[in-house]
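Visitor: Could you walk me through the charged side-chain pairs here, taking them one after another?

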Amino acid sequence: MRVEARRPVEVVEAVVGAAGRGVLARGAGRSYNDAAQNGGGALVTQPEPTITIDPTTGRATASAGATIEQVLSVLVPHGRFVPVTPGTRLATIGGCVAADVHGKNHHRDGSWGEHLTAIELVDGHGDRRHLDPVATPSEFWATVGGMGLSGIILSATFDTIPIRSDQLAVTTTRTGDFDATLAALAEAEDGHRYAVAWVDTSATGSRRGRGVVSGGDHLDAADAARGSGEMAYAPGSPIPVPPTVGRGPALIRPATIRWFNRLWYHKVPRRATEVPTSIGAFFHPLDGLGRWNRLYGRRGFVQYQSVVPAPDDVLAQLDALSAGGATSALTVVKRFGSASPAMLGFPCPGWTLAVDVPTAVPRLAATLDRLDRIVVEAGGRIYLAKDGRTSIPAVARMYPRLGEWRRAVDKLDPQGRFQSDLARRLGLRTGGPT
Amino acid sequence: MTNSLGAPGRILVLGGGSDIGQAIAARFVEDGGVQQVVLAGRRPGDMAERFDARRPQDDAAGTAQVATVDYDATQPGAAAKAIAAASADGDVDLIVVAAGVLGTDEHNRLAHRATELLGINLVAAVEAVMEAIDRFEAQGHGRLVVLSSVAGLRVRGGLATYGASKAGLDAFCRAMQQRLAGAGVDLLIVRPGFVHSAMTDGLPPAPFATDPASVAADVAAAVAAGRAVVWSPPVLRWVFAILRNLPEPIWRRVSGR
């Protein structure tokens with residue numbers, strides 16, 4: 001059952017009226033898994049976005065259903081930018097809070113939750129609550145990263161950053177092996193607000209782990225060539241992948257992945273180059289291609305994202321994938337800065353690896369279980385907004401603060417009204433298997 | 001919950017002592033992602049022991065636990081109780097309806113023996129299918145695997161009651177599939193041929209005889225593809241396309257083994 005709540009009172013009604021299978025907020029449905037699904041229960045969407053900004057302080061408030069794209073289209077003309085953006089502009093603010101999302105600036109700016117000053121939440125009693133990190137730290141940090149299981153977020157207030165151009169200066173560097181990738185990434189992090197590495201999974205042997213490192217910064221002043229000091233954000237409509245593509249044989253398969261990776265690597269100039277780049281092209285490149293998931297065919301793909309303390313643990317995962325024949329179509333490596341206080345927050349100091357693997361790869365379940373073991377033994381974790389297949393015991397080991405989070409959420413929702421398929425699958429809420 | 005690779009988190013086998021039912025559960029465990037297998041039957045200790053011997057010794061995560069609950073297909077209401085017991089800790093994602101008996105010559109000749117067999121193979125199985133569908137509709141998802149048989153596609157004299165029970169169950173499930181279209185609940189009808197198992201021990205094998213593990217592999221592939229009917233081995237689909245249309249005198253001759 002889906003409830004379209006146009007006013008907060010309708011959210012309250014949906015919570016109070018929740019039946020046995022519970023209720024869950026659903027934003028844009030952009031997580032890679034069952035985080036925004038609630039089989040047999042109610043889903044609440046908040047379709048009418050409201051976004052306000054105080055131009056003097058730069059503090060903004062957005063309703064939970066507003067997307068990053070909608071927020072940017074308000075902020076950018078004021079010379080402001082979101083403190084953190086995930087890899088898609090289609091995510092909602094509620095989703096960004098619930099997953100405590102990170103971006104390419106995590107090494108210096110941390111995650112989304114660290115820029116929040118307040119959250120408005122409907123808790124399990126149906127009460128509207130004002131949460132902030134000073135007065136209600138436990139409720140606040142259980143909600144940030146809490147995957148929507150502590151209540152329904154109505155709005156979030158956050159600090160924005162000033163920008164003086166709607167373009168970024170982006171430097172790309174091609175690297176010859178994994179050590180060079182790590183070194184270039186460290187250098188990019190020191191010199192730039194945004195830094196990330198793409199890894200070419202077609203390379204083996206001595207070239208294993210080679211890739212392209214990009215470092216970016218908002219341009220200091222309006223690009224002179226554009227002649228106007230006005231800043232705008234209009235990412236345009238994506239080019240859609242037609243539905244027939246999704247019904248045919250998968251275009252992304254191990255052979256094409258290797259070709260694509262090789263091409264992508266060689267397309268980057270051998271020597272480091274700096275080019276002005278738009279917000280959309282730098283932060284949200286995949287959004288330019290609508291329904292790109294169709295390229296994976298009917299069986300689709302799974303994304304696996306982990307964070308581990310040492311680069312060797314990243315290599316071990318890449319080796320396990322390659323041994324299992326699970327060639328990743330799109331592989332991203334980045335170093336995280338310090339962890340936020342979110343109890344179920346994903347980022348923590350170390351190296352994050354994100355891979356996209358076609359589901360049709362044989363024995364993929366066993367291969368990803370091997371990755372889980374590498375991650376758990378290294379003291380790392382995988383991202384709850386992306387996992388679709390880990391085990392209950394693994395999650396308990398990856399998230400040592402799960403018990404503390406359950407107690408905090410139980411106070412907000414003693415009757416267990418907030419449920420999701422993700423929570424059921426991984427036994428997240430109290431009463432679930434441990 | 002069913003995970004993003006299509007693995008059911010919790011499997012319930014109604015008729016947990018059945019070789020084919022166990023083989024299907026073991027196959028999903030081998031493929032990875034299964035957190036719990038619940039075997040429902042009359043002899044818990046024996047079922048669990050046999051399943052442990054059958055399951056892969058090095059399954060992917062090694063995390064699948066085995067539990068047993070009571071289930072006696074001759075008792076009305078047994079399916080509802082078993083499903084409720086299996087769902088106590090969370091959703092059951094896949095239910096295999098596997099309880100059944102082949103019967104002997106007596107079941108084709110004596111009325112009270114025939115109704116006994118129909119009670120297990122048809123009445124209790126229909127009850128199990130309906131209870132499973134109720135549960136799945138309430139939780140918004142679920143996949144049901146029902147063991148039919150090619151013996152129900154064209155019934156022969158030597159298997160009159162068994163064949164009739166499977167014909168009835170198969171027809172009922174076909175009709176249920178119409179109702180379930182778009183409900184988020186899948187029902188797979190399995191039509192195996194002769195399967196070497198405890199049920200057929202000592203009988204002369206029919207052509208295209210198979211084994212429980214092969215049936216399980218066909219079932220796992222059909223579940224993944226979301227199919228409505230699976231024949232095992234698949235060639236039987238074409239064999240029975242012919243057998244079903246044979247004129248009666250010829251059918252009597254070829255079936256009267």
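**Salt bridges and burial**

Guide: A:D372 is buried, as is A:R389, where buried means under 20% relative accessible area, exposed over 50% and partly exposed in between (1.4 Å probe, protein chains only). This is a predicted model, in which local features need pLDDT of at least 70 and side-chain atom pairs count only at pLDDT 80 or more, while totals for chains, interfaces and linings use all residues. Residues are numbered from 1 along each chain as its sequence is written, chains are lettered from A and ligands numbered from 1 in the order in which they are written, and side-chain values use heavy atoms, with hydrogens and water left out.

Visitor: How far apart are the closest N and O atoms of A:D372 and A:R389?

Guide: The two residues form a salt bridge, that is, a side-chain nitrogen of Lys or Arg within 4 Å of a carboxyl oxygen of Asp or Glu. Between the closest N and O atoms of A:D372 and A:R389 the distance is 3.0 Å.

Visitor: Is A:D387 buried or exposed?

Guide: The side chain of A:D387 also meets that of A:R389 in a salt bridge, at 3.8 Å from N to O. Because its relative accessible area is 3%, A:D387 counts as buried.

Visitor: How many residues apart in sequence are B:D91 and B:R135?

Guide: The side chains of B:D91 and B:R135 meet in a salt bridge of 3.9 Å, N to O. B:D91 lies in the loop between α3 (78-86) and β4 (94-97) of chain B, and B:R135 in helix α5 (residues 111-139) of chain B, so the pair ties together parts separated by 44 residues.

Technical notes. Helices (H or I, at least four residues) and strands (E, at least two) are DSSP runs, numbered from the N terminus.
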